[in-house]
Amino acid sequence: VWMITKGYSRKLEESRRIDFDSMIADAVRLVETGRYQSPYSLILVDEFQDISEPRANLIKALKQQKAFSKVFAVGDDWQSIYRFAGSDITIFTQFEANFGASWQGRLEQTYRCNQLIAETAATFVQRNPEQITKSVRSTRPAIPRSIRVIPIDDERGRPEFAQACHRLLERLDIALGSIAEQWRSEPDAKLKVLVLWRYNLLDPFGGIPPFFANIEVSGQSFHRAKGLEADYTVLLDVSEGDYGVPSRIEDDELLNLVIPQPETFAYAEERRLFYVALTRASRGVYLITNSRQPSRYIRELCEIAGDEVRYETIEGAALRQCPVCLVGQMVEKRNRNGTVFHGCNQFPDCRHTEGVPAQSTAHVHRRA
């Protein structure tokens, strides 16, 4: 790392250039040494949840240089998702420790997602007790069952998320076209559908979104979707795994040497990132998951929203959700005696069964 750092610094010097961090550091030095005299009494900072220590030092230097100056910061700690770029959420959540006594106003009304998605996502992100507590009210009424889970599998062992995404989009286009008189205000109007993924290798479009008659489709990573909104969102591969949701590689050991210390709550930033992805939709969100490895976050959504989370096939047919583990589906099985019963497809992680005759129950569980 030291060799890379030296080589990088040398390259900057040779080309007589500076990078963004150097710009901030130079600005702090100019203010602290008095070479720059600030005329400003009020410092406004937007997206404050993404602030890094060097940028916070610049604000502190400007504030300390001029008597009676004030800092007005706006941000949402629930959307702090740039730790890999140096942001430190504690500068936001511990504002007074960094900038002195303060007044805190709350913006608790959302104009984007409907009330069901807003409430569910708010409860989800606040399961981390370190997040600032807020209640969220939407200007859009709740749409029943507007959170939908689509489990898919593949005989080759790896679900075809791209194929499933295209089939879902085709289904949405046809369904929305059949009720166009309910939503179309102009002849050529389309509803927006945003397809989101955790890593770009999941891009189902190869950079070229498909064309449909009734929906306008675009695709982004979870990170790039921040600030965007759509009528519907489709979240790809909401599954367990290294490159899943939550990503198990979010805290790389090498990166931890040079970026803010990790939070104590497990996958804290991944939780916030999923919250951002979940809240881009106004009408509905579809979570496409690996049927054998559904994300722990799907279980949490089911715990929070209960029956308002609908399990369905890619064609839209309802699936029977396992009442015990919440992430599995009840499927028909047959024991050694040929008796048909229903069991959770998450076996052996979930052993819930239904319709097993009393005399064969022990046999089934002994085999398990």
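Visitor: Which element gives the most to the lining of the largest pocket?
Guide: First, this is a predicted model: local features need pLDDT of at least 70, side-chain atom pairs count only at pLDDT 80 or more, and totals for chains, interfaces and linings use all residues. Residues are numbered from 1 along each chain as its sequence is written, and side-chain values use heavy atoms, leaving out hydrogens and water. Strand E2 (70-73), helix H4 (89-93), helix H5 (95-99), strand E3 (109-110) and helix H6 each supply at least two lining residues (helices, H or I with at least four residues, and strands, E with at least two, are DSSP runs numbered from the N terminus). With 4 residues, the element that gives the most is E2.

Visitor: What is the volume of that largest pocket?
Guide: A pocket here is an open set of points on a 1 Å grid over the protein atoms alone, with protein on both sides within 12 Å along at least five of seven lines; lining residues have an atom within 4 Å of a point. Of the 45 lining residues, Val74, Gly75, Asp76, Gly105 and Leu107 are the closest to the centre. Counting the space filled by probe spheres set on the points, which are joined across faces, edges and corners, the volume is about 1,400 Å³.

Visitor: How many charged residues are in the lining of the largest pocket?
Guide: Asp, Glu, Lys and Arg count as charged; Ala, Val, Leu, Ile, Met, Phe, Trp, Tyr, Cys and Pro as nonpolar; and the others, Gly among them, as polar. The lining has 19 nonpolar and 12 polar residues, and the charged ones number 14.

Visitor: Which helix has the largest share of the lining of the second largest pocket?
Guide: That pocket holds about 570 Å³ of space and is lined by 21 residues, with Thr5, Tyr8, Asp19, Asp21 and Val258 nearest its centre. Helix H1 (2-14), helix H2 (20-32) and helix H3 (53-65) each give two or more lining residues. The largest share, 5 residues, comes from H1.

Visitor: How many residues are in the largest nonpolar core?
Guide: A nonpolar core is a set of buried Ala, Val, Leu, Ile, Met, Phe, Trp, Tyr and Cys residues joined through side-chain atoms within 4.5 Å. Phe222, Leu235, Phe274, Val285, Leu287 and Ile298 touch the most other members. A second, separate core has 26 residues, including Phe205 and Tyr232, while the residues in the largest core number 42.

Visitor: Is Val285 buried or exposed?
Guide: Val285 sits in strand E9. Beyond its neighbours within four places in sequence, Val285 is in contact (heavy atoms within 4.5 Å) with Ile117, Ser146, Ile147, Arg148, Thr233, Leu235 and Leu278. Buried means under 20% relative accessible area, exposed over 50% and partly exposed in between, using a 1.4 Å probe and protein chains only. The relative accessible area of Val285 is 0%, so Val285 is buried.

Visitor: Which residue has its backbone nitrogen 3.2 Å from a polar atom of the Glu269 side chain?
Guide: Glu269 is found in helix H9. Its relative accessible area is 11%, so Glu269 is buried. The backbone nitrogen that lies 3.2 Å from a polar atom of its side chain belongs to Arg83.

How values were computed: On a 1 Å grid over the protein atoms alone, a cavity is a set of points where a 1.4 Å probe fits but cannot get out, and a pocket is an open set with protein on both sides within 12 Å along at least five of seven lines; lining residues have an atom within 4 Å of a point. A polar contact is a pair of N or O atoms within 3.5 Å; within protein, one must be able to donate a hydrogen and the other to accept it, and residues adjacent in sequence count only if both atoms are side-chain atoms.
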